[in-house]
Structures are given as structure tokens and as C-alpha cells.
Amino acid sequence: MGMQRYFFVLLATLILTTAAAAKGKEKKEVSMLMERVYSYGESVDTTGIKASSTYVYQRFFFSTDKRNPFLMAVPTMYAVAHGGARQFAGEFYDKMSFNSIGNFKSKRILQINTIPRNRSTMPTILEYLTPEIYNETVLDGYLLSPFHRKNRRFYKYHQIDMRNGLFKITFKPKVDNTQLLSGRALIDPQTGQVISTDLYGEFDMIRFRLELIMGEEGLPSLLPIRCELYGRFKFMGSKFSARYLCKYGLEKELPDSIENLEDRELMASVRPEPLPKEEKEVIERYFEKQARDKARRDSLAAIETLQPTKKHKNMAKYIFWDILGDHILNRIKSKFGTDDRGFVRINPIFNPLYFGYSDTKGVVYKFDIRGGYTFTPNRDITLRLKAGYMFRQRQMYVRVPLHFNYNKRRHATFAIDFDYGRHIYNNEIAQDIPTEVQDSVAQLGWRLDYFRDTYLKVYNNYDISDQWSFNVGFTYHRRQALHPEAFRIAGIRNNYRSLAPRLEVQFRPLGFKGPAITFDYERAIKGLLNANTAYERLEVDGSYIHRMPRMQIISMRLGGGLYTYKGGKQYFLDFTNFRENNLVGGWEDDWSGEFELLRRSWYNTSRYYVRANGTYESPLIMMSYIPFLGHYVEKERLYLGAVLAEELKPYVEFGIGVTTRWLTLGGFIGTKNGHFERIGGRVGFELFRKW
């Protein structure tokens, strides 16, 4: 028995050793093959690319497998959410002008589209048709590529030998996260070139399979020549599936201006492969219905000519569904002018997805309209209306920036920025009101220390080089008491006006990709155009956004400000770089560089401040490793901010945030003068923000 036990132990050890050696050998072979893949993407020369053009064929098929009224709240889905048809198909033939990797423009030559009004549905899915698999991210800023060297730590690879001299690689993520992909690829072992690949993933509520056939050699080998996409979208019980085919590098030339974009015979002549039966039937039904509708209209027109009758239109359907429904629940986009140089974009007028919440502001609703016109490639004008309603303050905030860029190469801009509704704090004025007046108005619930600020900023900016910018203009403030009746009773002025010439100089030591240091000087002159407030203010602010591999970002901000002069006792402390931001957005991330829990009164109580903020962002920090929950995490952030002022020595705020397809959630802890101050959070809706 002893010899038998010894024999079996020896045999098991030999088997395990052999298996481990085989596994180690396979791992080494896979590593060597993937090293060739990484090197191939880096070896192709993408410099000195000459501008060229080619033609692209694209077809799609949509199927609404299950729908309910919630589908109408999804941007771009209104046209297919309440109509009678459940299936849609289309074909496009475009001319693509190619300048460099990721820099191209397309012009529509032919189109067949069965979606009502030729609408575009789920435009975000079109990004999947131009993937760049050798880049760090397959899409622009999303989905970490398994074929990039810096992402190998996130993937497991397995190699399969093929009889034709090629190798097949299968890969899957080590962590279940929405920014990672699984799939397989056919590899040339000599060069490391990806011949074809299938990618599987789920991002932004779309589960997809992407089948790519890559170009043969040189620059075309970095891009697909055939791309087929299968996508599935689910929302509140509705189910929607999509199928796309895109073929690049076609040589069938057509004139840029064709009188009939829906020329079916011409489309058939350029179609690179036959239509599938399902798509062909949808398109045939669409044109048959068009023919019937035209015949009916012609018949009714003939009858109307002989015997005029009063037309009855279903006004309820027309008004509530076709007008209100389409324009209130759907995002509106329109182009106008010569060569579509002008544009207008309006977010849905009412959509519950545009609400947000923060601990200091309560529930917030936002609204955004953008428009513009391009005169030349170097000159354009843009106008924007940003509005928000703060339910806790019962206050509407409006900001309207107008920018005329008369030399974009030098960032030469003349701008007018109007801001209305911001509340500003001033406790000194309230202290000057007699106690008996304060007691009487307190019973009415009137606030004596808050004012509504109407703000106008006019300036001209010019970059004399990549390192230096100069910004000259003026700012105007009109601060009106929220309850002017109390000030009338006390016999004290209830509005304060200031007009201040200003100068801003920005220095960028390393150009636009490096840190930026901004000096801001402003001097309000009493009596200038009826102004009744005087002050002098100086601020300096430094910011830097450092981008690292694997979608990691570190954002840093450091600055300070000082009021060097005040005219009289009644004035307002209002810094440019240290203020409450009611309509967030701008500095890379809506929440970076801000203090979430700092009470708004602290922004206006000190003659000076020194502040520092830092944010670290990555798709994979901590939450991504939690089972189930980690699959939906798109980004994680760590926040740290501190400010030193007259009564804040200092205020420090810590925070952690996570972005999913539905929400961005943030939790924050604030400490003042070394003691716990408060804890709070913030919620922002992310649903369809990229749509």
C-alpha cells in the first residue's frame, strides 16, 4: 500500500507539473503574440497623410419588439414610439472626406429612410460604426481596447492555432465593467495585424456585438472596411433592436448634387451587396404606402376641384402628438442657411431626465438652447440660453452667452455674457437695519441679507501666441434686495450698481495642453454710468488637467483673491473664481473645482480667499470591483478641496462620486476649522446625456 500511495502521489505531481508547464508555455506564447499586436498598431505611420475622399454605404434595420409610453421620453425615439409601424429600414450612400485618423467629414449623396420625417433614431449608435481598435479607447473616450498595450492589465487572452497559418485570440475582461469588452480576433502571427474581430459589450444602455473586417495594409489596416453592428436597447419595459452594416472604401462615384436623394434605381446601382429579405420588405411596404397615399391625395384633389368640401383635421392628434409631443419630449435639431451653416439645438422642453438634486440647492431643473452660424472656417457666432429652476429657492436662473469668434485660430472673440437670478449674500447691510424693523419683517419671512444679482460681462479676448491670452472688457452688476419693502421701511437703499473695467491675462507655459495661470484685475468706479459702488479686486487662478493612460484624469486647481479697496461700507464681496455656480458645467467635469457643501453665504463674507481643488477620475477604482454593481460603473471620482478665508481656517471637503448609465452619485463630507461641519450628497441624471 505504501508503494501504491507513493506511485499515485508521484503521478499526480507529474500531471500537475506538466499542466502547469503547458499553461505557462501557452501564456508565454499568447503574451508574445499580443506583443506583436500592440507593436503593429504603433508601427503604422499615420503622419503626413494626404487628404483624400472615398464613398461609404450604410444600411440599417430597426425593430420595436416591445414598447410602452415611456419610450417617448427617450431622445430621438419619439418618431418610432407612437406610430403604427414597428419596423424601419434605410440605406445611405455618403461621400467621406478623410484628413487624418479621427478627422473626417461626410456628405449625404443618396438616402432611403422609412422613419417618419426622415428622422435619425439612436444617433449615438453611429459612433460604433467608426471604431479605432488600436487606440486606447475603441470609441472616442469610451471602451478600453483589448488591442492596446496600456489596457492589457484588464484582459485575459487565450490563443487558438488555425490551420491556415493564422491565430485566433479570445479575450475577456478580468473585471465585469461596462468600459471593457470581450470577443475574439483573427491575427496574423508574423506581423501582429488584426485581420478581423468580433467585439461584445454593453455601454450606455446598449448591448452590442460588433463584427469588423480590417483593411489590408498600411493606414487602411488600422480601420475597418466592413463593419456590422447588432444592438439591443431596453428601457422601462420597452425593447428595441438595431442592425447596421457599413462598408468603407467604395469607388462608385456619384455627383455631390443629385436632384432626387431617394432615387431607388441609383441606390441599387451602388449597393455593394443585396438587401436582406426583412429589410427589403420594409422598404417595399414604405414605397407602396407612399404611392397609395399620393394616389389618394390626387383623387381627393380632383374631387375637391369639382365639388369643394370643408376639410376636417384631427386637431387634437395634430396639436398634442405631432406638435407638443414631438417638440416637448424630443430633442430638436435644425440647420439653416447656405450649406447648412446655421444650427439650432433645443433640449426637450419637459423631460424628467433633466432634473438633478444637490444638498445645497435641492431639486434643480435645467434647460438648454444653442444656436450658431458659421461664416467661414475661421469665423462664426454662437448664442446659448442656459436656464435652471431651483425649487428650494423658488428662483429661476438664466445665463445667455453670445460669442462672436472673428479669428478662431487666435481665439479672438468678442463676447457678451448676461446672467440673471443668482443670489448673493451681504450681512453688513442687514446689520445696519434697525432692530425693530428686523423684528417686524422677520415675522413676514423676509430675508434682509440676500440680493438677486443681474450681471453683464462684455469682453474681447485675443491670443497673441499659444502661451499668452489677453482679455479686456467690463462687468456690470445690479444687486436688488429680495424683499425691497423692508429696506424702504428702514430708509436704506435696496439696490446697488457697479461698473468695472477689467483686465485678464492668461499664461500657458506649455501651450494649450499644459497648465494655465490666469491673472484677473477689476476696478469698479463709483459714479461711472450711475454706479453707486466702488471696489478693486485682484485674483490669480491656476488649473491643469493631466490625462493619463486607461482614461484616468487628474484635475487640479489652485488660486486666490483679494479685495484691495472698497468704497464705503455698503458693498458686495463677489469673486470671479470663488463663487457658487448655479448652472454647473465647464471645467471638464461639472463637479470638479467646486465645493458641494459650502454654504453660499461664505462666498461673500471674506475680503480674501485661497483655495485648492483636486479630482482623480478613473473607470476602475473601487466600485467597479463590486459584483453586479461594478458592471454598470462608467467612471469613479475622488474629490478633495480646501479654502482658507477670514472665518474659514480652513474649510476642507472630501468626496467620492460614481457615474453609471442612469445616475451620477456623489457623497461629500465638509469640515470647518478642524471640526466636522456637515455631510451631504448630490445626484445628477445621466440617462441619454450622450444621445
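A salt bridge is a side-chain nitrogen of Lys or Arg within 4 Å of a carboxyl oxygen of Asp or Glu.

## Basis

This is a predicted model, in which local features need pLDDT of at least 70 and side-chain atom pairs count only at pLDDT 80 or more, while totals for chains, interfaces and linings use all residues. Residues are numbered from 1 along each chain as its sequence is written, and side-chain values use heavy atoms, with hydrogens and water left out.

## Overall fold

The protein has eight helices and 30 strands, taken as DSSP runs numbered from the N terminus (helices H or I, at least four residues; strands E, at least two). Of its 691 residues, 46% are buried, where buried means under 20% relative accessible area, exposed over 50% and partly exposed in between (1.4 Å probe, protein chains only).

## Salt bridges

The whole structure contains 42 salt bridges. Arg108 pairs with Asp94, with the closest N and O atoms 2.6 Å apart. Arg108 belongs to strand β3 (residues 103–113) and Asp94 to strand β2 (residues 87–100), so the pair ties together parts 14 residues apart in sequence. Arg108 is partly exposed at 34% relative accessible area, whereas Asp94 is buried at 8%.

A salt bridge also joins Arg399 and Asp417 (2.7 Å, N to O). Arg399 is in strand β18 (residues 395–407) and Asp417 in strand β19 (residues 412–425), 18 residues apart. Arg399 is partly exposed at 29% relative accessibility; Asp417 is buried at 9%.

## Cysteines

The structure holds zero disulfides, a disulfide being a pair of cysteine sulfur atoms within 2.5 Å. The sulfur of Cys227 lies 6.4 Å from its closest cysteine sulfur, in Cys246, too far for a bond. Cys227 is buried at 0% relative accessible area, and Cys246 is buried at 2%.
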